[in-house]
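This report goes through one protein chain in short sections. Keep the sequence and the structure in view while reading.

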Amino acid sequence: TWTNDEIIDEQVRAIREQVGDKQVICGLSGGVDSAVAAALVQRAVGDQLTCVFVDHGLLRAGEAEQVEQDYVAATGIKLKVVDAADRFLNALAGVTDPEQKRKIVGREFIRVFEQAAREVAAENDVEFLVQGTLYPDVVESGGGTGTANIKSHHNVGGLPEDLKFTLIEPLRTLFKDEVRAIGAALGLPAEIVQRHPFPGPGLSIRIIGEVTRDRLDVLRAADKIAREELTAAGLDREIWQVPVVLLADVRSVGVQGDGRTYGHPIVLRPVSSEDAMTADWSRLPYDVIARISTRITNEVPEVNRVVLDVTSKPPGTIEWE
Ligand code: XMP
């Protein structure tokens, strides 16, 4: 078995050999895989790598800053940020169907990334594209069909002919826990390395109903509280992920402060899982649930009810959309 340092050294050597003096581009999503893949390539070829971060405005509180500030500070990576929130929100206006939301986010993402890649390529003559493909992704897509169980994914696969890059996939032989260990060994921020799985379409599929800026703000505030309390309770490791969902078209009556309210429910969906194909609802300690509920209803005025999802997968998927 190899140590993390040996894996890093070997990857750095292989990437240097593959890249030579050519230029490389990488899309960052905010997630673990692309962050570790890019950090490895940066370790190998330094400023020959340019990273592109498309901020689609659908990330959780603090996540864009984690990439733009903490990750850059930790790695010294050359980063191009595209603030595309308006574009994504405009494209999502009026849309409530989950698969439609996925298609729109996926389509816009490719367009924005393509434009940014063109700009970087025009300056630098880029030959290589880094992807954070893991060993399970390689196995799953072996038949070319992907997995029927994960809702229509989007990644940077469909680039046009004149933007055909050679792929660098430094994580192809690794599992998620190994990738996390390597990320830590590379000095990446814990918030990125330990991040729970988060869907590409982001918060758009955690607002049941139309996605608007105001609704995103409400969901972000509630999600931030739930994550803070889980972390404070030391539960991050044993919980697979905790989607926090805003039922934006549902209202219920409540009493808050001086009187009657007519607000929205927030759903907590903590799950335990090995691989997301099946999952069980997590038996979180009642006092943790109580703190999350009290804080959300105190601190987020639009929310007057917090409910707990106690459905396994199957029959329920992990996400609500
Ligand atoms: P479901 O809801 O299908 O989710 O039980 C299984 C896992 O996949 C994540 N997920 C997605 N990830 N794009 C992604 O990149 C998507 O459209 C998407 N939908 C669900 C979900 O968070 C869970 O980890």
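Helix α4 passes helix α5 in a right-handed crossing. The model is a predicted one. In general, a pair of packed helices is described by the angle between their axes and by the distance between those axes. Here the axes of α4 (residues 85-92) and α5 (residues 98-124) come within 10 Å and cross at roughly 145°.

Which residues make the contact? From α4 come Arg87, Phe88, Ala91 and Leu92, and from α5 come Lys101, Ile104, Val105, Glu108 and Val112. Sorted by type, the residues of this contact are six nonpolar, no polar and three charged.

## The chain as a whole

The chain holds ten helices and twelve strands. Its radius of gyration is 20 Å, close to the 20 Å that the globule rule gives for 321 residues, so the chain is as compact as a globular protein of that length. The C-alpha trace spans about 65 × 45 × 40 Å along its principal axes.

Of the 321 residues, 37% count as buried. Among contacts with a separation of 6 or more, 79% are between residues 24 or more positions apart.

## A parallel sheet

Strands of a sheet pair through backbone hydrogen bonds, in either a parallel or an antiparallel way. In this chain, five strands form an open sheet with parallel pairing, in the order β3-β2-β1-β4-β5. At the edges stand β3 (78-83) and β5 (166-168); each has a single partner strand, so one side of each is left without a neighbour in the sheet. On average, neighbouring strands of this sheet are turned by 30° against each other, direction ignored. Helix α2 (residues 32-45) packs on the sheet and touches β1, β2, β4 (126-130) and β5, while its direction makes about 160° with that of β1.

How is β1 joined to β2 and to β4? Strand β1 (residues 23-28) runs parallel to β2 (residues 49-55), and five bridges join the two. Val24 stands opposite Leu49 in β2. With β4, β1 pairs in the parallel sense over four bridges, and Ile25 has Leu129 of β4 as its bridge partner. Five of the six residues of β1 are buried, so this strand is largely enclosed by the rest of the structure.

## A hairpin

Strands β8 (residues 252-256) and β9 (residues 259-268) run antiparallel and are joined by five bridges. Val255 stands opposite Arg260 in β9. The hairpin of β8 and β9 has two residues between the strands, and Gly257 takes a positive phi near 55° there.

## Two aspartates in helices

Is Asp9 buried, partly exposed or exposed? This residue is found in helix α1 (residues 4-19). Asp9 has 13 C-beta neighbours inside 10 Å, and therefore counts as partly exposed. Asp9 and Ala44 are 35 residues apart in sequence, and their C-alpha atoms are 8.9 Å apart in space.

Asp33 has its place in helix α2. With 20 other C-beta atoms within 10 Å, Asp33 is buried, since the cut-off for a buried residue is 20 or more. Leaving aside its neighbours within four places in sequence, Asp33 is in contact with Gly132, Leu134, Leu171 and Val179. Between Asp33 and Glu299 there are 266 residues of separation in sequence and 33 Å in space, C-alpha to C-alpha.

## Backbone angles to look at

Most residues other than glycine have a negative phi, and most peptide bonds are trans. Asp125 is not a glycine, yet has a positive phi of about 60°. Asp125 lies in the loop between α5 and β4 and is exposed, with 9 other C-beta atoms within 10 Å. Ala276 also has a positive phi, near 75°. Ala276 is found in the loop between β10 (271-272) and β11 (280-281), and counts as partly exposed with 17 C-beta neighbours inside 10 Å.

Where are cis peptide bonds found? A cis bond joins Lys313 and Pro314, with omega about -15°. Another cis bond joins Pro314 and Pro315, with omega about 10°. Pro314 is found in the segment after β12 (303-308), and Pro315 has its place in the segment after β12 as well.

Technical notes
Residues are numbered from 1 along each chain as its sequence is written. This is a predicted model: local features need pLDDT of at least 70, side-chain atom pairs count only at pLDDT 80 or more; totals for chains, interfaces and linings use all residues. Two strands pair if DSSP finds at least two bridges between them. Axes are lines fitted to C-alpha atoms, for helices over the stretch in contact, and angles run from 0 to 180 degrees between N-to-C directions. Two residues are in contact if their C-beta atoms, placed from the backbone, lie within 7 Å. The radius of gyration is taken over C-alpha atoms; the globule rule is 2.2 Å times the number of residues to the power 0.38. A residue is buried if 20 or more other C-beta atoms lie within 10 Å of its own, exposed if 12 or fewer, and partly exposed in between; C-beta atoms are placed from the backbone. A crossing is left-handed if the near helix is turned anticlockwise from the far one by less than a right angle, and right-handed if clockwise. Ala, Val, Leu, Ile, Met, Phe, Trp, Tyr, Cys and Pro count as nonpolar, Asp, Glu, Lys and Arg as charged, and the others, Gly among them, as polar.
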